[in-house]
Amino acid sequence: MAHAGGERVAYFNGRIVPERDVRVPFRDRGFKYGDAVFDTTRTFGHRIFRLKEHLERLYRSLRYLRIDPGIGLEDLRRITEEVLHRNLPLLEPDDDYWVTQRVTRGLDPSDREVFGQSGPTVIVECLPLPLRERATLYRDGIRVVVPSVRRAPPDSLSARTKTNNYLNVVLGDLEAKARDPEAWAILLDVNGNLAEGIGSNIFLVRDGAIYTPREQFVLPGISRETAIELARELGFTVHERDIDLFDAYNADEAFLTSTSLCVCPVRSVNGVELGGGKVPGPVTRRVIEAYCRLVDYDFVAQYLKRLER
Ligand code: PMP
């Protein structure tokens, strides 16, 4: 479908409009307090991945925050597909999108009249994946740095919710990047076990078995679930349990999972090289290959191709 000026469109409170016409009032509680949730999936070769699972997670986050989106999951699924369909012609053949739903609690009652809006703010949008920026990670592996900032405990704010308030992991990421500008932060939980990063889950491999933190302390990443499923199908034992820095430094391999990364090898943790610094390790490689088969798309080649340009 043609677009005036080739501009992407987004869904905004009932209408699909050019992105520049998505104007959220500055007193929206999502902006004021981070009082909002979101969820993001991606496309592989322009086909959307596990949209239903992402929407189910979005609705669990909404329920936790007691935000009524005023729209059912099925309708939001249809809208998401429509927004993607309208934006796909703007993508280069070997690019892909992040596809995101955002729901805020909207305006406080006293502000509703001023802005002529009541009810939640609902947005669905697409953004090309940062393939070029992240391409070296697949060649060199990710350098993980563990900051001093701890992941907020689940009895303060459940890590299972994908809220707009990312300050906790943002602070961790700033600290890690101050030590190494290219590092990715993985925060410890309040008990000193590995938790997660700003947008990724962590896995360790030791003696052919795979370990990842328990769900209560991390977001149940859809890519995390996919990697667990695939690893088990490949015959690996996957333990969801507490793992700490001792486990990390003694791991043979490690990898991060996220919607954009899928599965990406880790080279080092706090400067300690794993598996002699060779990435990906053999177990990580098999999980990556299985992931590529599942999505019927070689996402590693998609990233690495950017290094040649
Ligand atoms: N943890 C956090 C805090 C995240 O924001 C994300 C990204 N959604 C993840 C883990 C990975 O989840 P997913 O695999 O669903 O992208």
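The structure is a predicted model, in which local features require a pLDDT of at least 70 and side-chain atom pairs count only at pLDDT 80 or more, whereas totals for chains, interfaces and linings use all residues. Residues are numbered from 1 along each chain as its sequence is written, and side-chain values use heavy atoms, with hydrogens and water left out.

The ligand is surrounded by 16 residues, of which the closest are Lys162, Tyr166, Glu196, Ser223 and Thr259; a residue counts here if one of its heavy atoms lies within 4 Å of the ligand. By class, this shell has four nonpolar, nine polar and three charged residues, where Ala, Val, Leu, Ile, Met, Phe, Trp, Tyr, Cys and Pro count as nonpolar, Asp, Glu, Lys and Arg as charged, and the others, Gly among them, as polar. Among the polar contacts (pairs of N or O atoms within 3.5 Å), a polar side-chain atom of glutamate 196 lies 2.7 Å from a nitrogen atom of the ligand, while a polar side-chain atom of arginine 57 lies 2.8 Å from a ligand oxygen atom. The backbone also takes part, with a polar atom of isoleucine 222 placed 2.8 Å from an oxygen atom of the ligand. Of the 390 Å² of accessible area that the ligand has on its own, the protein covers 95% (Shrake-Rupley method, 1.4 Å probe).

The ligand sits in the largest pocket, a placement that requires more than half of its atoms to lie within 2 Å of the pocket's grid points. Helix 2 (51-65) and helix 7 (222-233) are the elements that give two or more residues to the shell around the ligand; helices are DSSP runs of H or I with at least four residues, and strands are runs of E with at least two, numbered from the N terminus.

A pocket is an open set of points on a 1 Å grid over the protein atoms alone, where a 1.4 Å probe fits, with protein on both sides within 12 Å along at least five of seven lines; its lining residues have an atom within 4 Å of a point. Helix 6 gives the most to the lining of the largest pocket, with four residues.

Elsewhere, a cis peptide bond with an omega of about -10 degrees joins valine 279 and proline 280, and proline 280 lies in the loop between strand 14 (272-273) and helix 9 (282-295).

Notes: Polar contact = N/O pair within 3.5 Å; in protein donor to acceptor, adjacent residues only side chain to side chain.
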